[in-house]
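Please look at the structure before reading on.

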Amino acid sequence: TKPTPRTIGLPGGVWVETTMKALHGPGMAGMMVEFVAALVGVFVMQSALQGDQRLIVAGFRSGEVVLARLIVLGTATLLAVVVSASVMAVDFTPASWLPVIAAIALAGLIYAAIGALAGALLDQLPATYLILFLVMTDSIVQSPMFHTTPGRLAFLFPGYAPDRLLYAGSFSPTFHAGGELVLALAWLAALTTAVFV
């Protein structure tokens, strides 16, 4: 990606001047974690459907079995976050690491839950295609490489809040994304509850 100048809007009405090359680092880090976490969600759930029923028959409570699967999803997602952030750090240093790591982790956990739901409701191939389509569409809708600010209906996508938090942490040393953080946590709570149920 070339270092073409680019002005982008961040949460809180903050505008910053950056480059397309600088936008590429955090954008790809977030998108890769979403892909990996969602696909892990699909395949963990697919592999769990029959085995977990046997565990319940053997005496485990259903809540214990589901919690074990959620721990596997969370661990895989956090591993993807560490790898993605490490690779991003080779060529890009964000203005504030804490919101960037939080944003990438939230995006991954949200998409891990979406992948788990897709894996529970669909076969592997349709679930995988759904995940690929959703992550790519969400990333294109949110990315400041394509839009100075996300479109009017972008907030309907699950990646909206984490992506806004990601770019705010990447390019602003002050935190202006409190609303986006709350929205990302709400998405995560709702989807995790749906997976648990």
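Q: How close do the axes of helix α3 and helix α6 come, and at what angle do they cross?
A: In this predicted model, the axes of α3 (residues 97-121) and α6 (residues 178-196) come within 9 Å and cross at roughly 25°.

Q: Why is α3 called roughly parallel to α6?
A: Angles under 35 degrees count as roughly parallel. The crossing angle is roughly 25°, so α3 is roughly parallel to α6. The crossing of α3 past α6 is left-handed.

Q: Which residues of α3 and α6 meet?
A: From α3 there are Leu106, Leu109, Ile110, Ala113, Ile114, Ala116 and Leu117. From α6 there are Leu181, Ala184, Leu185, Trp187, Leu188, Leu191, Thr192, Ala194 and Val195.

Q: What kinds of residues make up the contact of α3 with α6?
A: The contact has 15 nonpolar residues, 1 polar residue and no charged residues.

Q: What makes Leu106 count as buried?
A: Buried means under 20% relative accessible area. Leu106, in helix α3, has 8% relative accessibility, so Leu106 counts as buried. Leaving aside neighbours within four places in sequence, Leu106 is in contact with Pro162, Leu165, Leu181, Ala184, Leu185 and Leu188.

Definitions and conventions
Residues numbered from 1 in each chain as written. Predicted model: local features only at pLDDT ≥ 70, side-chain atom pairs only at ≥ 80, totals over all residues. Heavy atoms only, no water. Axes fitted to C-alpha atoms, helices over the stretch in contact; angles between N-to-C directions. Helix = DSSP H or I, 4+ residues; strand = E, 2+ residues; numbered from the N terminus. Parallel < 35°, antiparallel > 145°, perpendicular 65-115°, else oblique. Left-handed = near helix turned anticlockwise from the far one by under 90°. Contact = heavy atoms within 4.5 Å. Nonpolar A, V, L, I, M, F, W, Y, C, P; charged D, E, K, R; others polar. Buried < 20%, exposed > 50% of the residue type's maximum accessible area, 1.4 Å probe, protein only.
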